[in-house]
Amino acid sequence: MINYASREINCKIVYYGPGLGGKTTNLEHVYGKVKPETRGKLISLATETERTLFFDFLPVDLGTIRGFKTRFHLYTVPGQVYYNASRKLILKNVDGIVFVGDSQAERMEANLESMQNLYDNMSEYGYDLTQMPFVIQYNKRDLPNAAPIEDLQAALNPGWEVEDAVKHRVQPDPYHAGQNLVEQVSGGEWVERAPYFEAIAVNGDGVFDTLKAVSKLVLKALA
Amino acid sequence: MTAGTANWSFTQDDFTSITESLTRFLGETKSLCALLVDRSGQLVTTVGEAPGLDTTTFASLTAADYSANDQLAKLVGETDFASLFHQGEKGSIYVADIARRLLLVIIFDSRTTVGLVRLRMKDEIEELTLLIDRVFSRGRGGAEPGGHHLLEGADDEIDKLFNW
């Protein structure tokens, strides 16, 4: 939303993913690192055991662009399958999505289920995830049972077909040398993948890279 | 299917009209403060006095509260609950839907009654609905009234924002 009266650009970013994957940890790290004058309170609607019940919310000011204050509202959703009704509510009017996947091999099924759930919930609102700002974060890269990135990419970010011929040109991945976000695969069709980031959210690795990437995509989508 | 979510922009003229309307409403009902919040939880504007209120958090929680109640309404076979009322010992809030896009939140205390707020609310909703329909009829978010896009060609500036 662009508010010309208060000269503000407000955007909503939602962190999605399976339970205990690190969504809240991402927000807590951002909260702890940005200057107090550029962020609001971190609100957590959580159970007594600190599992997210409804959402976490953190407003962050990124700076000024063309005289407009850019404010990002970061939300997490509850990861547990049980809470789908409240999870879906948070997606309403979202501008950008971060999928926080759990790298542990035994969480692959939970990752896939959550990704499918994300596509389903977006589609119920009439939003096309492949056409909007969307990045994937593979969290917990430090754990010994973390699956290889190639396996995670193959399962969670295999790419979607690019139908528009105008977009049939190689688009290098700015975050990974030698890889492409848009490319022609062996079958001949063109596919596009979401940008991905490796992270260890608990000590902050990759948290700001992810946030920067999705925020930039959101602002460029407005341009 | 749309590519993204509904974007919209809000001009100085919209702001002036909405502020005038809400100021009149606050005076007539002796309420403290009115907040206009979009359904995604972003604050559009505040009119009146709300000392110490964290309006950003308030807006976000209001939208979540209203959305949750919307779903509760559906579970009991209603399309929606057109308004919500939360009564406190000193302060109370009344939340109403505007054109299925925005929420109007009125904060009031014992200087008035929920009956008076509710009574005047119907006319206020009609007035604001007309104003808001005008905002949304202008179309996509980035466009200023003249059709110019605020962030067009701003890629460099956007990149600079992220030089943390």
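Begin by selecting strand 4 (83-87) of chain B and strand 5 (residues 92-98) of chain B: these two run antiparallel and are joined by 5 bridges. Helices (H or I, at least four residues) and strands (E, at least two) are DSSP runs, numbered from the N terminus, and two strands pair if DSSP finds at least two bridges between them. The model is predicted: local features need pLDDT of at least 70 and side-chain atom pairs count only at pLDDT 80 or more, while totals for chains, interfaces and linings use all residues. Residues are numbered from 1 along each chain as its sequence is written, with chains lettered from A and ligands numbered from 1 in the order in which they are written.

**The sheet of chain B**

Select B:Phe85 next; its bridge partner in strand 5 of chain B is B:Tyr94. Then display the whole open sheet, in which 5 strands of chain B follow the order 3-2-6-5-4 with antiparallel pairing. Strand 3 and strand 4 of chain B are the edge strands, each pairing on one side only. On average, and with direction ignored, neighbouring strands of this sheet are turned by 15 degrees against each other. Axes are lines fitted to C-alpha atoms, for helices over the stretch in contact, and angles run from 0 to 180 degrees between N-to-C directions.

**Helices on the sheet**

Now select helix 3 (residues 114-137) of chain B, which lies across strand 4, strand 5 and strand 6 of chain B at about 30 degrees to strand 5.

**Where the chains meet**

Show both chains: 41 residues of chain B are in contact with 41 residues of chain A, contact being defined by C-beta atoms, placed from the backbone, within 7 Å. Which helix of chain B supplies the largest share of the side that touches chain A? Helix 2 of chain B does, with 7 residues.

Select strand 1 (residues 2-3) of chain A and strand 1 of chain B, which run parallel and are joined by 2 bridges. Here A:Ile2 stands opposite B:Ser9.

**The domains of chain A**

Finally, colour domain 1 (2-157 + 194-222) and domain 2 (158-193) of chain A; the bounds come from an automatic or database domain assignment. Their C-alpha centres lie 23 Å apart, and the contact takes 6 residues from domain 1 and 7 residues from domain 2 of chain A.

Methods:
Contact = placed C-beta atoms within 7 Å.
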